[in-house]
Amino acid sequence: YNPTKLSLDSYLLTHSKEYVAAAVCSWLEFALEYVLIPQLKSYEFVSKIGLVVVIFGETLRKVAMCTAGSNFSHLIAYRKVKDHELVTSGVYALTRHPSYVGWFYWSIGSQLLLVN
C-alpha cells in the first residue's frame, strides 16, 4: 500500500527458503492429489469456505494497510522512524497487528481453498 516503502521483497516472493519450500509443497500436494486421488478434491463446500476465509484475510490486511497509511511498511522496523506514529484506531483498535492476522487467515484459507 505504501509505495514509498514498496519493493520486490514486499510480495514475499523472496521471503525465505522455508517460505518458498512450503509454498511449493502445498502446490505439489494439490497437483498430486488432483491427479492421483481426485475424489479428495471434490469437497466443494470446503473450497468455498476457504475462499471466504481468503477474502476475509485479504480484506483485513488491506484495511490495516489503508488505516496505517504512511505508517505501514512491508518490512520490519528495528528502529523508530522520526515521523512514525503508533496507529490505535480502526482495525488497530481490535488487534495490535491486523495485517499479520489477515495474512494468517489468508494462509489458512488458501489451503482450505485447495482442499489440502
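Lys-48 and Glu-44 form a salt bridge, with their closest N and O atoms 3.1 Å apart. The term means a side-chain nitrogen of Lys or Arg within 4 Å of a carboxyl oxygen of Asp or Glu. By this rule there are three salt bridges. The model is a predicted one: local features need pLDDT of at least 70, side-chain atom pairs count only at pLDDT 80 or more, and totals for chains, interfaces and linings use all residues. Numbering starts from 1 along each chain as its sequence is written, and side-chain values use heavy atoms, with hydrogens and water left out.

Why are Lys-48 and Glu-44 separated by about one helical turn? Because they are four residues apart in helix α2, which covers residues 44-68. Helices here are DSSP runs of H or I with at least four residues, strands are runs of E with at least two, and both are numbered from the N terminus. An α-helix has 3.6 residues a turn, so residues three or four places apart point the same way. Glu-44 has 53% relative accessibility, so it counts as exposed. The cut-offs are under 20% relative accessible area for buried, over 50% for exposed and partly exposed in between, using a 1.4 Å probe and protein chains only.

Helix α2 also holds Lys-62 and Glu-58, again four residues apart, about one turn of the helix. Their side chains meet in a salt bridge at 2.5 Å, N to O. Lys-62 is partly exposed at 40% relative accessibility. Glu-58 is partly exposed too, at 26%.

## The buried pair: Lys-41 and Glu-33

Another salt bridge joins the side chains of Lys-41 and Glu-33, at 2.7 Å from N to O. Are these two residues buried or exposed? Both are buried. For Lys-41 the relative accessibility is 15%, so it counts as buried. Side chains of opposite charge can pair when their charged atoms come close.

Lys-41 sits in the loop between α1 and α2. Its side chain makes a polar contact with the side chain of Asn-116 at 3.0 Å. A polar contact is a pair of N or O atoms within 3.5 Å; within protein, one must be able to donate a hydrogen and the other to accept it, and residues adjacent in sequence count only if both atoms are side-chain atoms. Setting aside neighbours within four places in sequence, Lys-41 is in contact (heavy atoms within 4.5 Å) with Phe-30, Glu-33, Tyr-34, Leu-114, Val-115 and Asn-116.

## Helix α1

Helix α1 runs over residues 17-36, a total of 20 residues. Its expected span is 1.5 Å times one less than its number of residues. That gives 28 Å, and the end C-alpha atoms are 28 Å apart, so the two agree.

Which residues of α1 are buried? Ala-23, Ser-26 and Glu-33 are. They cover an arc of only 105° around the axis, so they lie on the same side of α1. The arc is taken over directions from the helix axis to the C-beta atoms. The face turned away from the buried side carries the exposed residues Lys-17, Leu-32, Val-35 and Leu-36. What covers the buried residues includes α3, residues 98-113.

Ala-31 also lies in helix α1. Ala-31 is partly exposed at 36% relative accessibility.

## Aromatic pairs

The structure holds six aromatic pairs. One of them is Tyr-19 with Trp-103: tilted, 6.3 Å centre to centre, with 35° between the planes. Tyr-19 is in helix α1 and Trp-103 in helix α3, so this pair links distant parts of the chain, 84 residues apart. Rings of Phe, Tyr and Trp (its six-membered ring) pair if their centres lie within 6.5 Å; planes under 30 degrees apart are stacked, over 60 edge-to-face and the rest tilted. Tyr-19 is partly exposed, with a relative accessible area of 29%. Trp-103 is partly exposed as well, at 25%.

Phe-104 and Tyr-105 have ring centres 5.4 Å apart and planes at 75°, so they count as edge-to-face. Phe-104 is partly exposed at 47%. Tyr-105 is partly exposed at 35%. Tyr-19, Trp-103 and Trp-106 form one aromatic cluster.

## The whole chain

The protein chain has three helices and zero strands. From the N terminus on, its elements run α-α-α. Of its 116 residues, 26% are buried. Among contacts between residues at least 6 apart in sequence, 75% join residues at least 24 apart.
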